[in-house]
Amino acid sequence: MSIGKKLLLLVGVAAVVLAALLVVQYLTPKADIVIGGKDFTEQSVLGEMLAILIEENTDLTVERKLYLGGTMICFNALQAGDLDLYAEYTGTGLVNILKHDAISDPDEAYSAVKIAFERDYGLVWLEPFGFNNTYTLTMRRAQADELGIHTFSELAAHVQQQEAGSGEHLTAGFTAEFIERSDGLKGLCETYGFQFATEPKQMAPGLMYKACADGDVDVICAFATDGRIAAYDLITLEDDRKFFPPYYAAPLIRAATLARYPELQDVLNRLAGKLDNRTMQELNLQVDRSDNPRQARDVARDFLLSQGLITPKEQ
Amino acid sequence: MNAIAKFFADYGAEMLQSTREHVILTLIAVLIACAVAIPLGVLLARCRFKLLVNIVMGLASIIQPIPSLALVALTVVLFYLINGLLGIRLLATLGTGPALVALVAYALLPILRNTFIGIRQVDPTVVEVATGMGMTHRQILFSVQLPLALPFIMAGVRISTVWTIGVATLVSLVGAGGLGDLIFRGLSSYKIHLIMAGAGPAAVLALMLDWLLGRLEEWLAPSGLRNTNPQ
């Protein structure tokens, strides 16, 4: 076969292959429900719980898109319809998305976001799971005790001394999102009137805890329900000026999806109030621990079984 | 051995699924890039308007210096902003849509530039001889220029493919799946075996595709025949 003919043959084959791939990619039936999750363990556990609940209690098919790059990616995708559902936190909805001032009463905060989201975005907040996964400032217990730091104000005072040259040098490690959000670093420093002497190090949420435990950084914006706070003997400082709003987690779903599949409301509300801070920490730790860690979907499934929210499969 | 068996029992299905997603994305991106860049490269190589050539090559070159992560991020946010401006959800803000746009953009330049150089470097004497023999433009393109430019074009395609496999690990951040899913999870949870579950297949894929493309080049134009000495 001449080269010219071979080239033509190649072009033909390539065209067919491309067409086939595009068909596979875009024409295979999409799942009924697409569930999203942010880039940390708890979101994977919650995402799997929601997914498994739907799969086991309805006829709907579910696709999981977990470990997405942050709140805005999830929220914008939800608005646009590329996601149907994900677990969001009331404080995040209030301060970060709606750009309102913080409300310290949890019920008020929940009502505020519920009303605003439905009115402005066509998104529905279902019943909260029960836990408050607030941002915290967390340090190694040993260092906190040694320096006598147990509240945010004490930390602020210490950092100011550090600025003046007399305090021990403390470094901070925060997530990219925390550094950017108004309910994050900026607002915190304004409310407590301090600034870290050295730029906080930026890192993925899952890496903060070990970094703190190992002494690579001293202060982190730990998530309250992360199991590693207890496991690594870290201590959460008290937010004495109540800067952080409550962050009660609940399923956030498109009104359009709920209208199309109304059975979802009951199914997803079965998790209402079933997860307190302690329980969520424990579940998260099962995935995050270094000794025999489990997968998020197994942890989620076992929890749902233990609560009788799904029935065990016949062996 | 038991640990390895357990590892594959736990993650095998996921690895297969992620690899499948990754391969599909990479192939679609590279094929589209070839479909655009090769004809464009040929056209530019034969074009006499220097300004036009410089403009097009310049535009394509702007994309390359943008770090791949930035390009993926830019595409997603750009689509979101465009949707906002138009007031309707025209473009997907998540998933393979924006991911493919970024991947194709990245895959274009190596193929375009190499095709251009490949055609341009063909000895004009050979083309003259072919014209003298009575060959049409199309015959000259397919029987003389492309075969002689082939090593360059294939080099571009190979570079582009290997590169795209790497960049495609980042699209996990925007919900497009792929082997990046495993890598990011492994990073966030300090589980090195998860990272390897993602990185391993990616490396193997790159090697395999590169080798396959080498075989393809051999089939198209066995080195023995690629003799530019006009007998």
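1. Let me begin inside chain A. In this predicted model, the centres of domain 1 of chain A and domain 2 of chain A, taken over C-alpha atoms, are separated by 27 Å. Domain 1 is made of two segments, 33–133 + 247–306, and domain 2 covers 138–236.

2. Now to where these two domains meet. Domain 1 of chain A brings 21 residues to the contact, and domain 2 of chain A brings 15 residues. On the domain 1 side, three helices each supply at least two residues: α2 (41–57), α4 (90–97) and α14 (277–288) of chain A. Of these, please look at α14(A), whose seven residues make up the largest share of that side.

3. The make-up of that surface deserves a line of its own. Where domain 1 of chain A touches domain 2 of chain A, its side has 10 polar, six nonpolar and five charged residues.

4. Next, the contact between the chains. Here 35 residues come from chain A and 33 residues from chain B. On the side of chain A that touches chain B, the elements giving two or more residues are α1 (3–27) and α3 (71–80) of chain A. With 12 residues, α1(A) gives the most to this side.

5. Finally, which classes of residue make up the side of chain A that touches chain B? That side has 20 nonpolar residues, along with nine polar and six charged ones.

Key:
Residues numbered from 1 in each chain as written. Chains lettered and ligands numbered in written order. Predicted model: local features only at pLDDT ≥ 70, side-chain atom pairs only at ≥ 80, totals over all residues. Contact = placed C-beta atoms within 7 Å. Helix = DSSP H or I, 4+ residues; strand = E, 2+ residues; numbered from the N terminus. Nonpolar A, V, L, I, M, F, W, Y, C, P; charged D, E, K, R; others polar. Domains from an automatic or database assignment.
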